[in-house]
Amino acid sequence: MEDDITRPGDLQHRRARQYAFCASALCFEPVGAGVEGVFDQALTNGLTAIVAHHWKDQESCRGRVKSAAELLKVIEAEGVLVREGVYWVTDNPHTPKPTTSYVDPFEDRPMEVRVMVLREALSATQAIRHARATDDEIGSNLTAAHVDALWELSGHPTLAGLVDVLNEMREERVRGAVSALDDHEQDRAFTYLALLSGEELARRAGVDYVGEYSQEPGDVEECPVCGNISLVLSSHDSEIAEIGVGCCVVCSYERTMDAANDIASSVQFQRAVDRPD
Ligand SMILES: [Zn+2]
């Protein structure tokens with residue numbers, strides 16, 4: 001760890017990514033097994049990055065990164081109290097405190113950290129993580145306010161990558177769901193194929209589907225389920241226009257536009273990896 005602390009540039013980036021991944025995971029699964037640990041990991045990494053950014057070396061003590069509770073104390077000591085339990089983090093110690101409750105949304109202000117709410121969240125997560133008695137037997141003691149206060153940290157420039165990570169994770173989940181649906185469709189078609197007699201299979205395999213269904217060259221492709229040239233296309237994917245969308249006349253497998261686009265994304269990715277430059 002000590003070695004890491006001597007390279008704050010890389011380390012700050014890793015802290016920001018950890019914060020972003022864990023905070024994004026909470027967005028998808030705010031309740032469930034282990035969310036308290038994920039919350040703590042996001043909070044500790046986020047606070048460490050913020051404290052290290054404004055008050056260098058105060059994020060650690062004798063080579064050990066401080067706990068989230070200790071980091072909140074640093075913010076209380078060094079930040080500007082704006083109202084009960086809420087602090088601005090700023091490099092300028094002379095930042096004027098607001099004199100009224102009105103906040104001009106266009107004013108360039110330092111970021112707020114809801115220290116009191118985050119401290120409450122820590123005691124809620126610590127109780128479960130350390131097997132102490134909690135109010136709820138199964139669910140989490142984390143509230144929406146706790147998670148909101150964690151998310152608000154993403155307004156800090158050091159942690160600004162959260163939205164990008166969230167979008168990456170969202171796309172990954174959508175791709176995973178599309179791929180699972182196509183797997184299910186292939187299984188269904190394969191089950192149907194297995195019901196056909198050998199004689200019927202041979203008859204179907206012997207048909208000239210290209211001659212029968214082609215309007216233009218390339219309208220009929222090999223089916224990934226039965227292996228015949230019998231996947232009759234209605235269109236192509238919308239990304240590279242190379243992956244066929246259609247239905248197999250032999251086994252009934254249907255490749256949807258979403259499935260074709262998913263394959264097209266993988267093809268594009270592989271081409272980018274294989275490119276020599
Ligand atoms: Zn087929």
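Colleague: First up, is Y213 buried, partly exposed or exposed?

Modeller: Y213 has 33% relative accessibility, so it counts as partly exposed. The cut-offs are under 20% relative accessible area for buried and over 50% for exposed, with partly exposed in between, using a 1.4 Å probe and protein chains only.

Colleague: Before we go on, what kind of model is this, and how are things numbered and counted?

Modeller: It's a predicted model: local features need pLDDT of at least 70 and side-chain atom pairs count only at pLDDT 80 or more, while totals for chains, interfaces and linings use all residues. Residues are numbered from 1 along each chain as its sequence is written, and side-chain values use heavy atoms, with hydrogens and water left out.

Colleague: OK, back to the aromatics. How many aromatic pairs are there?

Modeller: One aromatic pair. The rule takes rings of Phe, Tyr and Trp (its six-membered ring) with centres within 6.5 Å; planes under 30 degrees apart are stacked, over 60 edge-to-face, and the rest tilted. Here the ring centres of Y209 and Y213 are 6.3 Å apart and the planes are at 25°, so the pair is stacked.

Colleague: And where do Y209 and Y213 sit?

Modeller: Both are in helix α9 (residues 209-213), four residues apart, which is about one turn of the helix. Helices here are DSSP runs of H or I with at least four residues, strands are E runs of at least two, and numbering goes from the N terminus. Y209 is buried, at 6% relative accessibility.

Colleague: Switching to the metal. Which protein atoms hold the zinc ion?

Modeller: The SG atoms of C223, C226, C248 and C251, at 2.3 to 2.4 Å from the zinc ion. Donors are N, O and S atoms within 2.8 Å of the metal (3.2 Å for Na, K and Ca), and water is not among the atoms, so sites may look incomplete.

Colleague: What's the geometry of the zinc site?

Modeller: Tetrahedral, with angles of 103 to 121° among the four donor atoms; for four donors that label needs all angles between 85 and 135 degrees. The donor residues follow the spacing C-x2-C-x21-C-x2-C. C223 is in the loop between β6 (220-222) and β7 (229-236) and C248 is in strand β8 (residues 244-248), so this pair ties together parts 25 residues apart in sequence. C223 and C248 are both buried.

Colleague: Now the strands. What does β4 pair with?

Modeller: Strand β4 pairs antiparallel with strand β3 (residues 80-83) over three bridges, and with strand β5 (residues 111-114), also antiparallel, over four bridges. Pairing requires DSSP to find at least two bridges between the strands. R83 is opposite V86 in β4, and V89 has M111 in β5 as its bridge partner.

Colleague: What's between β3 and β4?

Modeller: Two residues, making a hairpin, and G85 in the turn has a positive phi of about 80°.

Colleague: Are the faces of β4 covered or open?

Modeller: Both are covered: V86 and W88 on one side and Y87 and V89 on the other are all buried.

Technical notes
Four donors count as tetrahedral if all angles lie between 85 and 135 degrees; four count as square planar and six as octahedral if opposite donors are over 155 degrees apart and all others between 65 and 115; anything else is irregular.
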